[in-house]
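Please examine the sequence and the model below.

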Amino acid sequence: MAFAWKAAGLTYNRYLAVAARVVRRSLKEEPRLQAERRGEMDLRFAKWQNGKQGDNKNLAEANASARVDGAEHGQQ
Amino acid sequence: MSSLRLARATARLRPLPVRLPAQRRNYAEAVSDKIKLTLALPHQSIYKSTDVVQVNIPAESGEMGVLANHVPSIEQLKPGLVQIGEESSGSKQFFLSGGFAIVQPGSLLSINAVEGFPLEDFSPEAVRSQIAEAQKIVGGGGSEQDIAEAKIELEVLESLQASLK
C-alpha cells in the first residue's frame, strides 16, 4: 500500500502523532483539556563533542527541521 | 453475518445427543461464541480481556467484523469507528485515531491505538472548523510536510464527521 504521507517523507510514527493530535482537538471542551496535556512534549538535548557540551536544543524543533532536510534530500 | 446466524440456528435445530437433564455447561461451551477483547491506549485500557460478541474494525484493507474463532491476522487501522457488540449492554462505539488490531488464535482480539474516545465526547463544531482550516492549508502554498500533515488531518476529520452523523 502506498500512502501519501509516506511519499511526503513522513514516518508512520509522525502520521499517528498527527492523527492523534487532531482527534484530541476535536473533543468537547472538558475531555479536550484533559487529553491535550498528553500531546505536550518538552524535551531538550545537547550533543557532547570532545568532552564539551554543545548547545541545548529543543527536540521537537530539531525533529521538525530534520524532517524537512530529510525530505529535501530524498531520504527517509 | 445473517447467513452465519442462520447457519448457527439450523445447527441448533438438529436433534441433540441425549443428555442428562442436570448436566452443567462445560467450559468450552460457555466461551465458544465470545471473543476476548483488549482495547488499549497508551494511557488507558478501555477493555481488558472482556468477553464480547462481535467487534467491527476499520482496517486499511476494509471494514471488517470479528467474531469468535476468527482467522489470526494483523490489521492496520484507519482513523475510524470501532463498534463493539457486548453480551448484555448492546453495542458501544469508539472513535480511534489509528493503530493496529491483532487477532490471535483462541478468540483473542487486541486493538492498540493512540487516542480513542466514545462518540459523545466529540464536538461537531470543532470538527467543522478544523476541516475548514485543514482545507486552507492543503490548498495553500506551505511546505510538502505541512500539506501532507493537513491531508492526514482531513482524512481523520472527514471520517470523524461521517461517524458523528
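**Pocket and interface**

The largest pocket has a volume of about 680 Å³; the model in which it is found is predicted. Two elements of chain A, α2 (12-25) and α4 (59-72), each give two or more residues to the lining of this pocket. The largest share, eight residues, comes from α2(A). In total, 24 residues line the largest pocket, and those nearest its centre are A:Arg14, A:Ala17, A:Arg24, A:Gly39 and A:Met41. Divided by class, the lining holds nine nonpolar, six polar and nine charged residues.

Attention now turns to the interface. The size of an interface is often expressed as the accessible area lost when the parts come together. Here, chain B and chain A bury about 2500 Å² between them, and 63% of this lies on carbon and sulfur atoms. Of the area that chain B buries against chain A, 23% is supplied by B:Gln145, B:Glu149 and B:Ile152, more than by any other three residues. The contact involves 29 residues from chain B and 27 residues from chain A.

Five salt bridges are counted between chain B and chain A.

On the side of chain B that touches chain A, two or more residues come from each of β7 (99-104), α3 (124-139) and α4 (144-164) of chain B. The most, ten residues, are given by α4(B). By class, this side of chain B comprises 13 nonpolar, eight polar and eight charged residues.

How values were computed
Residues are numbered from 1 along each chain as its sequence is written. Chains are lettered from A and ligands numbered from 1 in the order in which they are written. This is a predicted model: local features need pLDDT of at least 70, side-chain atom pairs count only at pLDDT 80 or more; totals for chains, interfaces and linings use all residues. Side-chain values use heavy atoms; hydrogens and water are left out. On a 1 Å grid over the protein atoms alone, a cavity is a set of points where a 1.4 Å probe fits but cannot get out, and a pocket is an open set with protein on both sides within 12 Å along at least five of seven lines; lining residues have an atom within 4 Å of a point. Grid points are joined across faces, edges and corners, and a volume is the space filled by probe spheres set on the points. Helices (H or I, at least four residues) and strands (E, at least two) are DSSP runs, numbered from the N terminus. Ala, Val, Leu, Ile, Met, Phe, Trp, Tyr, Cys and Pro count as nonpolar, Asp, Glu, Lys and Arg as charged, and the others, Gly among them, as polar. Contact means heavy atoms within 4.5 Å. Buried area is the accessible area (1.4 Å probe) that two parts lose on being put together, summed over both. A salt bridge is a side-chain nitrogen of Lys or Arg within 4 Å of a carboxyl oxygen of Asp or Glu.
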